[in-house]
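Here is a short briefing on selected contacts and secondary structure. Please look through the sequence and the model before reading the points.

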Amino acid sequence: MTGGDTVTIDMTSGTTERRSGPPGTVRFTGLSDRVKDVEIWLPHHERTELVALRTDAPVAPVPDRGAPGLAAPRQFHQPGPQRHQPHRLGTGQVRFRATGDPAERASEKLTLGVTRDELARISTQRAAGDPNLHHLDGLDLYGRSDFADLPLPDQLHPDTATHRRIAERFAKRAFTADGPLADPSS
C-alpha cells in the first residue's frame, strides 16, 4: 500500500522525523460471490489506522466457531535495554540485542528470565485469592527448541509463521476443555 504517514528514524542520532501523507487504499477484488471469511493481518511493527471500510455486499462478524484468533526470546539472561545493531542496518537485516552488562544481574537489573520468574511467582501468589488469574509461561508457547525450526528474524520479534505457532499453542492450552479460558457452557 502507498500513502500514509511515515516516521524516519536516524539511528545515529536517535532523532525522528514525521511526515504526514494521504491515506492509502487496499482493495480486495475478484473474490467469489459465495459467503467467505476475510482475515486482515495488520503489521505488528507499524501503527495502522482504519479510516473507512466499504463493501459492495453485506458483511457480518464471523460467528464463533470455538477457535480463537491468533495472538500476537532469545535475549534471556542479559539485562536490557534492547537496541538495534547499527552495523547491520546497511545489510538489509535488522537485529536486536540486549545492551546491558551481564554483571548487572547481581544488582537486580531485569533480564527476560528474571521477569518471567517474577511474573510466575506473583501470579502463583495472587491466584490463591483469585480463581480467574492464570499464568502461562511464554516458553511453553515458543521455547529454545523452536528457535532451530523458526528462528526470530531479528533475534527478538516473531514472524508470521512463528506467531501462528505461538497462537496455536496458546489456543490449545487456554481454550481446551480443561484450559483456564474454556467455555463453561460446553
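The structure holds one aromatic pair. The rings of F170 and F175 have centres 5.9 Å apart and planes at 75°, so the pair is edge-to-face. Rings of Phe, Tyr and Trp (its six-membered ring) pair if their centres lie within 6.5 Å; planes under 30 degrees apart count as stacked, over 60 as edge-to-face and the rest as tilted. This is a predicted model: local features need pLDDT of at least 70, side-chain atom pairs count only at pLDDT 80 or more, and totals for chains, interfaces and linings use all residues. Residues are numbered from 1 along each chain as its sequence is written, and side-chain values use heavy atoms, with hydrogens and water left out.

- F170 is partly exposed, at 29% relative accessible area; buried means under 20%, exposed over 50%, and partly exposed in between (1.4 Å probe, protein chains only).
- F175 is also partly exposed, with 33% relative accessibility.

**Helix 3**
- Helix 3 covers residues 160-175, 16 residues in total; helices (H or I, at least four residues) and strands (E, at least two) are DSSP runs, numbered from the N terminus.
- From first C-alpha to last, helix 3 reaches 21 Å, close to the 22 Å expected at 1.5 Å a residue; the expected span is 1.5 Å times one less than the number of residues.
- Its buried residues are T162, H163, I166, A167, A171 and A174.

**Hairpin**
- Strand 1 (residues 6-9) and strand 2 (residues 16-19) run antiparallel, joined by four bridges; two strands pair if DSSP finds at least two bridges between them.
- T6 stands opposite R19 in strand 2.
- Six residues lie between the two strands of the hairpin, and G14 in the turn has a positive phi of about 80°.

**Salt bridges**
- The structure holds seven salt bridges, each a side-chain nitrogen of Lys or Arg within 4 Å of a carboxyl oxygen of Asp or Glu.
- R18 pairs with D5, with the closest N and O atoms 2.6 Å apart.
- D5 is partly exposed, at 39% relative accessibility.
- D146 forms a salt bridge with R165, the closest N and O atoms being 2.9 Å apart.
- D146 sits in helix 2 (residues 144-149) and R165 in helix 3, so the pair ties together parts 19 residues apart in sequence.
- D146 is buried, at 5% relative accessibility.
- D149 also meets R165 in a salt bridge (2.4 Å, N to O).
- Salt bridges that share partners join D146, D149, R165 and R169 into one network.
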